[in-house]
Amino acid sequence: MQTDVVKIGTRGSALALAQAAETRARLMTAHGLPEEAFEIVVIRTSGDRIQDRPLSEAGGKGLFTKEIEEALLDRRIDLAVHSSKDMPTVLPGGLEISAFLEREDVRDVFIGREAKRLDELPQGANLGTSSLRRQALALRLRPDLKVGMFRGNVQTRLKKLEDGVADGTLLALAGLKRLKLEHVATEILDPDTFPPALGQGAICIESRVGDERIARLLAVIHHETTGHALACERAFLAALDGSCRTPMAGHAKVNGGRIAFSGMILTPDGSEAHAIEAEGGIAEAAAIGAEAGAQIRTKAGSRFFASWE
């Protein structure tokens with residue numbers, strides 16, 4: 001086995017560090033290597049620095065990956081650990097997603113200060129979220145709510161909630177579990193009525209194309225089922241040119257050799273939504289997602305997409 005220290009690039013939030021540590025632990029177990037064989041390198045991204053406005057106004061998904069990918073290309077790190085839902089569909093030349101870890105729970109949760117459930121919030125209550133998808137889905141269910149920007153890492157958002165900045169907020173259950181904070185959730189939302197972000201709950205690992213040493217290292221920890229599901233979801237995202245500026249949701253479930261996908265696109269105010277379902281063999285995962293994206297685009301019509309601009 002190689003003896004050079006493998007440098008793992010990551011953002012510096014508690015959740016990002018937990019994801020990098022999970023990746024390191026899996027690599028240690030898979031290859032029988034000590035912790036000293038790896039170095040976690042923290043890289044501050046544009047998305048971490050910009051806290052005064054929604055990401056949709058600041059530039060979208062790439063804000064959480066740009067500086068980390070620059071470090072990969074400059075060989076300051078050997079691999080990068082990301083939340084799959086933060087990954088743009090088009091990567092810089094010379095980079096690729098080379099592995100997915102087994103997916104965590106895809107569901108969102110509601111955390112209320114007093115109300116324990118989203119439907120128990122008083123009329124006109126304040127809901128804090130920075131996600132356009134969560135905003136649109138919440139307003140679809142509760143058009144009376146006032147949605148305010150709620151940026152920051154998980155701990156920052158929980159502190160804002162504790163301080164009364166909002167009456168409730170929405171977070172990913174996977175992130176809470178990785179931080180051992182799932183107990184703060186007051187309601188786990190049904191993914192049929194509150195579908196997750198594409199890629200939610202899945203950690204992906206990016207590396208340089210042609211780096212055989214890292215490819216061999218990662219091949220052992222790649223989770224094929226998650227890979228098939230994410231191939232479908234990312235193809236759906238790509239077909240719709242998805243980013244943080246576009247409220248869309250979707251989830252691909254793999255069962256044996258089959259994949260079943262459900263997707264949804266919404267206007268930001270949740271007043272209009274279009275859903276689609278598709279299924280097929282796992283070998284066609286990306287094609288299923290792409291075709292679902294094309295069909296829902298036709299179904300919604302050009303007028304619908306004007307609300308995304």
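Q: Where does Ala306 lie relative to helix 10?
A: Ala306 lies in the segment that follows helix 10 (285–305). Helices (H or I, at least four residues) and strands (E, at least two) are DSSP runs, numbered from the N terminus. This is a predicted model, in which local features need pLDDT of at least 70 and side-chain atom pairs count only at pLDDT 80 or more, while totals for chains, interfaces and linings use all residues. Residues are numbered from 1 along each chain as its sequence is written, and side-chain values use heavy atoms, with hydrogens and water left out.

Q: Is Ala306 buried, partly exposed or exposed?
A: Buried means under 20% relative accessible area, exposed over 50%, and partly exposed in between (1.4 Å probe, protein chains only). Ala306 counts as partly exposed because its relative accessibility is 44%.

Q: What is the strand order of the open sheet of five strands?
A: Strands of a sheet pair through backbone hydrogen bonds, either parallel or antiparallel. Here two strands pair if DSSP finds at least two bridges between them. The order is 2-1-3-10-4, with mixed pairing. Strand 2 (38–42) and strand 4 (95–100) are the edge strands, each pairing on one side only. From one strand to the next the twist averages 30 degrees, with axes fitted as lines to C-alpha atoms and angles running from 0 to 180 degrees between N-to-C directions.

Q: In which sense do strand 1 and strand 2 pair?
A: Strand 1 and strand 2 pair in the parallel sense over five bridges, and Thr10 has Val42 in strand 2 as its bridge partner. The chain passes from strand 1 through helix 1 to strand 2 in a right-handed β-α-β crossover. Right-handed means that, with the strands pointing away from the viewer, the path from the first strand over the helix to the second runs clockwise. By contrast, strand 3 and strand 10 (residues 203–208) pair in the antiparallel sense over four bridges, where Ser83 stands opposite Ile203.

Q: Which residues of helix 8 are buried?
A: An α-helix has 3.6 residues a turn, so residues three or four places apart point the same way. In helix 8 (residues 212–219) the buried residues are Ile214, Leu217 and Leu218. They fall within an arc of 90 degrees seen down the axis, so they line one face of the helix; the arc is that of the directions from the helix axis to the C-beta atoms. Arg216 and Ala219, on the other side of helix 8, are exposed. With contact meaning heavy atoms within 4.5 Å, the buried residues pack against several elements, including strand 1 (6–10), helix 1 (14–31) and strand 10.

Q: How many disulfides does a search of the whole structure find?
A: A disulfide is a pair of cysteine sulfur atoms within 2.5 Å. The search finds zero. For Cys232, the closest cysteine sulfur is in Cys204 at 16 Å, too far for a bond. Cys204 is buried at 0% relative accessible area, and Cys232 is buried at 0%.
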